[in-house]
Amino acid sequence: MLLREVWTGHPSARPALIQWLRRLADDGRPLVRTRAASTVAVLARTDLPSAMALVIEVWARSKRFRHRLVAVNSLTLAHHIGTPNVPRILDTWSAAEDRRLRWVAVRAYALIGPERPAQALAALRAAARELYRHAGDPDDFDVETAGELADAVVLLLLSPASSEVLDDLRAHLDDDRAVHDLAVGGFISACGRTQDDERHGVPLVLDWYARAATDENRAADGIAHLWREALDDPHHTTSALTAMRAWVLAADRSTTVEWALAALLPRLVTTPTEHQRLSHLLRTMPGEDGNPPPEVAARLLGTLPPR
């Protein structure tokens, strides 16, 4: 109530309030920056145009990473407390010429996307196309935003809206190169995530596949389809094989993971090329940290269908 009163009833106090918020956004402590973001979210709920022009957009255009992150958190929190039009702002920024605004939009979509996955993915596809429109000039390619796009897909794939996200990615897989790379690259990155981010944790996507296959859920088909696309795409084959190698090593440490992978691998072999690629991986992969080949690789090799 105090913030709303100061912001709307005492305009002469705004410069000092804005200066204070900017000092908080520069603080080295993440908790302080998060509280600054929540404060600005309240101001945005009270008066969105002023908060956008005087605070949030200034942070969003900043060269400093921490400022842009506070802008992301301000918009996300403002949306969650019921501020209207935040998704519309993100839609506009995701196609902006300013790459910093695009970065903020993509990062914010990753946070609010689970509640509106179709709209979030549509905006991410638009941002990916805009990114590839400038890909002719390697010096101008926005690597930072490309990484944020992939991370956004990872967060959406591992969110409560995972099944809807997976269906959407599969449906648009063949739209164009930018969209294909967005989907496949994000999927491979998601395959590298483990439970509690532990080095030897259970791979989250493989655990998802095991549950979906047991329930005869169509998500199992979607996961297998994206794996085949990833392994077959020359732009992604290397990273896909690296992710699969990590899954095999995880299977060497866990019988549950081995069973899930043994159920998945036969579904990844529909052509002689696919058989050759996976059988070569399982026959030649070394163990972890220079150790001998994992025994599980030979057992998994036996699950592949005949050539």
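Predicted model: local features only at pLDDT ≥ 70, side-chain atom pairs only at ≥ 80, totals over all residues.
Residues are numbered from 1 along each chain as its sequence is written, and side-chain values use heavy atoms, with hydrogens and water left out.

I placed S279 in helix α16 (residues 272–284), helices being DSSP runs of H or I with at least four residues, numbered from the N terminus. S279 counts as buried because its relative accessibility is 3%, the cut-off for buried being under 20% relative accessible area with a 1.4 Å probe and protein chains only. From S279 to L304 I read 7.7 Å, C-alpha to C-alpha, across 25 residues of sequence.

Next I took the pair α4 (residues 48–60) and α5 (residues 65–80), which pack at an angle of about 130° with their axes 6 Å apart; the axes are lines fitted to C-alpha atoms over the stretch in contact, and angles run from 0 to 180 degrees between N-to-C directions. The two helices, α4 and α5, are therefore oblique to each other, a class left over once angles under 35 degrees (roughly parallel), over 145 (roughly antiparallel) and 65 to 115 (roughly perpendicular) are taken out. On the α4 side I listed M52, I56, W59 and A60, which meet H67, R68, V70, A71, S74 and L75 in α5.

Then I turned to the pockets, a pocket being an open set of points on a 1 Å grid over the protein atoms alone, where a 1.4 Å probe fits, with protein on both sides within 12 Å along at least five of seven lines. The largest pocket holds about 220 Å³ of space, and its lining has 16 residues, with G192, T194, R199, A246 and R253 nearest the centre. Helix α14 (residues 237–253) supplies the largest share of that lining, seven residues.

For the second largest pocket I recorded a volume of about 190 Å³. Its lining has 13 residues, and those closest to the centre are Y132, A146, A150, D181 and L182. Helix α11 gives the most to this lining, with five residues.

Technical notes:
1 Å grid on protein atoms, 1.4 Å probe; cavity = no way out; pocket = protein on both sides within 12 Å on 5 of 7 lines; lining within 4 Å. Points joined across faces, edges and corners; volume = space filled by probe spheres on them. Contact = heavy atoms within 4.5 Å. Buried < 20%, exposed > 50% of the residue type's maximum accessible area, 1.4 Å probe, protein only.
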